[in-house]
Number of protein chains: 2
Amino acid sequence: MPTVVQTIEVREAILDATDRLLSNYGYKKMTIDDLAREVGIGKGSVYLHFSSKEEIVLSHIDRIVERVKKQLRLIAKAEVSTAERLRQMLLNRVLMRFDSVQHYTQNLNDLLADLRPNLLVRRKRYFTEEAEIFAGVIDQGQQSGELSEGNSMELAEIFLLSSNSLLPFSLSSRELGNRDEIEERTLRIANLLLKGLEKKQ
Amino acid sequence: MPTVVQTIEVREAILDATDRLLSNYGYKKMTIDDLAREVGIGKGSVYLHFSSKEEIVLSHIDRIVERVKKQLRLIAKAEVSTAERLRQMLLNRVLMRFDSVQHYTQNLNDLLADLRPNLLVRRKRYFTEEAEIFAGVIDQGQQSGELSEGNSMELAEIFLLSSNSLLPFSLSSRELGNRDEIEERTLRIANLLLKGLEKKQ
DNA sequence: GGTTTGACTAATTTACACATTCAGTCAAAA
DNA sequence: TTTTGACTGAATGTGTAAATTAGTCAAACC
């Protein structure tokens, strides 16, 4: 009997292989046969971990966002001002996503065209989940008096919305510009938003 | 001999028809024969005004952005605070674009897939042209002491970038949400950015 | 004369029949 | 009990002939 660890390892290996195949072939041309061969397991075994091809790829995207959220939670706990945490969180949100799909040749929207309806549903969920982490930090800042008042969840959503156009989706990483430019732009947005959010002295 | 006015009228009629055909059929299925019939002129006459199908559709998009820019320049001259002008400009920028393609069933990105390379080039130009109008108002605000210092063109670009994800491009107007929601979100972004930009008293 | 046109052409797209490939299953092997 | 790959219907690709279309230009039209 495989241990839970082994099960998770295989699952992770499938998602790793998914990333490689997606970046080379896109969703349509990536086949479950290829995937199983790449992982070194039988085709049927893939279906012990996932119920469909669509679920595999969505899980891969989920994993990327989970990693981003993990990093956001880490920064949220750092021992610096709330403004600095929010700045770093926004920067990481944008750059981690950029780095995650940098090796993809097509843009995500086309790459995942067949999943579009489900993908849009997930994107909304991702957005809310990320916003909740931002909102927690904003709450702290408001309680400590560092940040001015306002609905923290609404403010968090403004932060994310303002940086959304810098995420790779309809534009590939390539089309978005080079990484340094993205970083620069994200910081500028963060700085102006934070200036608006910080309590005036 | 047709007058200049007649020439412009036909040109405008072609672009009007382009809008109708695009919204119903998309770029690929829209034919020049259809277009000429819709306008009530011969097919060859279409080519007296435009050099290619691609140029027709790009001119149609140009026209939308020209109308937006015209409205922005109008608001830029209004007799209210610079902050209020910037707020209204951002709102109009987003909502005019929303309204312009509200009747399209597909999203613009798919609708115009064949023009993608040229369209991306234009989008950059549109962005800069709009930013210049914003920058002018920011300059005024800085000179009058209403707004805090900083590179006005960079600040203008932050304003536009922050609202870019609310423009219909990879998402259709339908997918973006209803008009009131878009308006609400744009205003929230504008308000927070302006709070950051207004001179602290 | 200049202006407008639609028949024309090369190139692209479609339609269709057929072959191949694929997602997902499940009986058998491990 | 777990893993597998042969199997199946559905979907996708392929080859090819027919149809459509972007763009042209000689003739028709004022």
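Start by selecting residues 53-76 and 116-143 of chain B, which are helices H4 and H7: their axes come within 10 Å and cross at roughly 10 degrees. Because of that angle, H4(B) is roughly parallel to H7(B). Angles under 35 degrees get that label, while over 145 is roughly antiparallel, 65 to 115 is roughly perpendicular and the rest is oblique. The axes are lines fitted to C-alpha atoms, for helices over the stretch in contact, with angles from 0 to 180 degrees between N-to-C directions. Helices here are DSSP runs (H or I, at least four residues), strands are E runs of at least two, and both are numbered from the N terminus.

Before moving on, some housekeeping: this is a predicted model, where local features need pLDDT of at least 70 and side-chain atom pairs count only at pLDDT 80 or more, while totals for chains, interfaces and linings use all residues. Residues are numbered from 1 along each chain as its sequence is written, and chains are lettered from A and ligands numbered from 1 in the order in which they are written.

Now show the side chains between the two helices. On the H4(B) side, look for residues including Leu58(B), Ile61(B) and Val65(B); on the H7(B) side, Tyr126(B) and Ile133(B) are among them. Contact here means C-beta atoms, placed from the backbone, within 7 Å. The residues of this contact divide into 8 nonpolar, 2 polar and 6 charged. (Ala, Val, Leu, Ile, Met, Phe, Trp, Tyr, Cys and Pro count as nonpolar, Asp, Glu, Lys and Arg as charged, and the others, Gly among them, as polar.)

Next, select DNA strand D. How many residues surround it? There are 16, and the closest are Gly42(A), Gly44(A), Ser45(A), Gly44(B) and Lys53(B). To be near, a residue needs its C-beta atom, placed from the backbone, within 6 Å of the strand. Color H3 (43-49) of chain A, plus H2 (32-39) and H3 (43-49) of chain B: each supplies at least two residues of this surface. H3(A) gives the largest share, 4 residues. By class, the surface has 6 nonpolar, 6 polar and 4 charged residues.

Last stop: chain A by itself, with 10 helices and 0 strands. Its C-alpha trace spans about 65 × 40 × 25 Å along its principal axes.
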